[in-house]
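The sequence and structure come first, and the text follows.

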Amino acid sequence: MGKFKLIALTTPKPGREDDYHHWYDNTHLPELVNTFGMNGAQRYELVARLVGDDSNPYLAIYDIETDDPMALLGAIGKATAAGELTPSDAQDMATCYTALFTERGDRVVPAG
């Protein structure tokens, strides 16, 4: 079974930060993890931009194990289109970026 990371870089709409965080933490993450059998998910907040110009200050990483990642993405798309997932009007959809990654090589850990 393949191991994947679904990542989402996002931004709340101005003045809607509290609504956005509440939806993302209490609705969106649990819906995706529980509906699609993901191993877990966690959000992060940008501390410092080192290289590049992406303006999204928030990152979500979803841990996925599946034999067919495209089927999973298709199921998420169908559920979204069918209104089966709770949308938020507090997220700036014009800036968000979502991508799926698979492992490449072994994890590097400290020697010793």
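A salt bridge here is a side-chain nitrogen of Lys or Arg within 4 Å of a carboxyl oxygen of Asp or Glu. The model is predicted, so local features need pLDDT of at least 70 and side-chain atom pairs count only at pLDDT 80 or more, while totals for chains, interfaces and linings use all residues. Residues are numbered from 1 along each chain as its sequence is written, and side-chain values use heavy atoms, with hydrogens and water left out.

**Salt bridges**

Side chains of opposite charge can pair when their charged atoms come close.

| Pair | N to O distance |
|---|---|
| R16 and D19 | 2.8 Å |
| R16 and D89 | 2.9 Å |
| D25 and R43 | 2.8 Å |

R16 sits in the loop between β1 and α1, and D89 in the loop between α2 and β4 (97-102), 73 residues apart; the pair links distant parts of the chain. Helices (H or I, at least four residues) and strands (E, at least two) are DSSP runs, numbered from the N terminus. Because D25 lies in helix α1 and R43 in strand β2, their pair ties together parts that are 18 residues apart in sequence. Through shared partners, salt bridges join R16, D19 and D89 into one network.

Accessibility is classed as buried (under 20% relative accessible area), exposed (over 50%) or partly exposed (in between), with a 1.4 Å probe and protein chains only. R16 is partly exposed at 26%, and D19 is partly exposed at 41%. D25 is also partly exposed, at 38%, whereas R43 is buried at 15%.

**Pockets**

On a 1 Å grid over the protein atoms alone, where a 1.4 Å probe fits, a pocket is an open set of points with protein on both sides within 12 Å along at least five of seven lines; lining residues have an atom within 4 Å of a point. A volume is the space filled by probe spheres set on the points, which are joined across faces, edges and corners.

The largest pocket has a volume of about 480 Å³. Its lining has 20 residues, and H28, L32, T80, M93 and T98 are the closest to its centre. At least two lining residues come from each of β1 (2-10), α1 (17-35) and α2 (69-81). Nonpolar means Ala, Val, Leu, Ile, Met, Phe, Trp, Tyr, Cys and Pro, charged means Asp, Glu, Lys and Arg, and the others, Gly among them, are polar. By these classes the lining of the largest pocket has 13 nonpolar, seven polar and no charged residues.

The second largest pocket holds about 200 Å³. Of its 15 lining residues, L9, L46, D54, N56 and L59 lie nearest its centre. The lining of this second largest pocket has nine nonpolar, two polar and four charged residues.
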